[in-house]
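Hello,

Here is the structure for your files. My notes on it follow below.

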Amino acid sequence: MDLIANLSLGFGVAFTPINLMYAFVGCLLGTLIGVLPGIGPVATIAMLLPATYALPPVSALIMLAGIYYGAQYGGSTTAILVNLPGESSSVVTVIDGYQMARKGRAGPALAAAGLGSFFAGCVGTLILAAFAAPLTEVAFKFGPAEYFSLMILGLIGAVVLASGSLLKAVAMIVLGLLLGLVGTDVNSGAARFSFDIPELTDGIGFIVIAMGVFGYGEIISNLGKHVSEREVFTAKVTGLMPTKEDFRNMVPAVLRGTALGSALGILPGGGAVMAAFAAYTVEKKTKLRPGEVPFGKGNIRGVAAPESANNAGSQTSFIPLLTLGIPPNAVMALMVGAMTIHNIQPGPQVMTSNPELFWGLIASMWIGNAMLIILNLPLIGIWIKLLSVPYKYLFPAIVLFCAIGVYSTNNNTFDIWMVAIFGVVGYLFIKLGAEPAPLLLGFILGPMMEEHMRRALLLSRGDWSVFVTRPLSASLLAVAALLLVLVLLPAVKSKREEAFAEED
Amino acid sequence: MNIKSQKDFFAGLMFMSVGVAFAWGATNYPIGDGARMGPGYFPLVLGVLLAILGGLITFQALVLETEVDNKIGAFAWKPLIFIILANVVFGVLLGGLPSIGLPPMGMVIAIYALTLIASAAGDEFSIKTCLILASVLAVGSYLAFIVVLKLQFPVWPAFITG
């Protein structure tokens, strides 16, 4: 059994006391920052990334996995307690979660989210481990044309699944791709769009963009709202454990959510978000038991299903990242950046050249999940306390963490000027209703895409048909086209708008 | 002509101008052809694409009726200015600004300045709570970033540490 041998190798690497400690600290910090209102996982990871710089690669990745799960769970906590989704995938959790919290059932809601996520995470890890090896085989058959087409598919997928205007999302991706091109061109050595600023020849740092757009942009927009618009947490949390009745409702919902999430997460293009929406829709379609609370009024299934789907999806979305080196969403794009800082280029070669790291990372994801359960259910009281801290004390601290995080990336004040610019840009995006997540994805993919396109066309002597004559590349492009057509069909279009309208 | 969706209209204008700027900038670099692309090829294509997309978005904003309220609304100038200013002042104080002869003042002073300026962005401002918050943050950051994580930060002003 290769799977077991591989997993035991991974657990051998990850299960050392020191690495367990890093996983623990990562989870703790991730939840701590992630629970702050208005700070989503992207901003959290960007902010905490410097904390991993000093560590060896395996430990750093383990800590990052911890931060990632902590941030996600922290986001769900805020969503349930304060009615404030920190990211698009917890948007549906808010609907029933907040209603439960208002009825004093925040405890069971949080427990359902935690337990459901844990189960989904376990399944996701197994799927990831099982699929990683065969997919890596496929990845080695990929030439530049296939990579280019795959990235197109990933970007189209991200747009299709994003909420809001389709055209604007495409434009944001293209803008991200362009920003990613700033800096030295690897083929010719020409410094592009650098305005003769030496720091810009290295390109714009992805932390700068993530921090400025997701961190500062959000803070400014939050402060701009009137106090009454900022939801404050008032309800009390009594009792954590769901009742027997809750469990009976929860278990099938968790199972359905996990199955949906695992399947959709593999698709390039923000599977986790779609998984959460799809899972909620499925739950709404299933019949209510007698005496069950209707959806939208605080049904525990409305929390358990999307949270499990979300977590299973984010787990399986590591598959395209680790096997092909292509990030499927903004959070994964950030993970690519983080890995590059630790000198790891994600892709099929990681598994063969560095199996300890690869399987260690997969094992550490499970550990991160387990840590979350151990950490968060008992500590929930502390997170709730944190939410009752007035915003006027919180936001200067958030600004400070952003500034320190940005500075420590390169120990260079230039990044601080850049983040100021992107803070203004991020606020402008919010004002203009342009969602920034596709931009970050495009930003990471920009240089990769150009590289693969140039290589493919160099090999074909400038013949553009290479993208459609190679069968693998052609089928990837066909799927992308199909996705686009599907979304533009009137019937699907109204369904999609309906699904996303539920978030209001 | 009536603007149906203010947000989309200006977003389209933004995309158009950025696209044109990138495309125009790309013409400064060798473009090359399909087989041998120069550094200007890909940005030129993307810049043009972005400009076209921006144009479409602007056009839609003028033509398509929307039911949702798509007004941009007032800009929150106060938080915008104070948050960004706090960030910039933090950078200036932390690393110093050789062009005006300001030596690095170190992290502790920078934290106090950042907290004071950022707090001014909020609705209420009290100097006393601000100083307490800054002190808490300074001690906490010192412990977390300097003692535990051992990041290389100037902590005190350069003229004291020498």
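Between the two chains, 59 residues of chain B are in contact with 56 residues of chain A (contact: C-beta atoms, placed from the backbone, within 7 Å). On the chain B side, the elements that give two or more residues are α1 (6-26), α2 (41-63), α3 (77-95), α4 (107-119) and α5 (127-148); helices are DSSP runs of H or I, at least four residues, numbered from the N terminus. That side has 38 nonpolar, 14 polar and seven charged residues, where Ala, Val, Leu, Ile, Met, Phe, Trp, Tyr, Cys and Pro count as nonpolar, Asp, Glu, Lys and Arg as charged, and the others, Gly among them, as polar.

This is a predicted model: local features need pLDDT of at least 70, side-chain atom pairs count only at pLDDT 80 or more, and totals for chains, interfaces and linings use all residues. Residues are numbered from 1 along each chain as its sequence is written, with chains lettered from A and ligands numbered from 1 in the order in which they are written.

For α21(A), the buried residues are A:S473, A:L476, A:L477 and A:A480. They cover an arc of only 95° around the axis, which puts them on the same side of α21(A) (arc: of the directions from the helix axis to the C-beta atoms). On the other side, A:P471, A:L482 and A:V485 are exposed.

Regards

Conventions:
A residue is buried if 20 or more other C-beta atoms lie within 10 Å of its own, exposed if 12 or fewer, and partly exposed in between; C-beta atoms are placed from the backbone.
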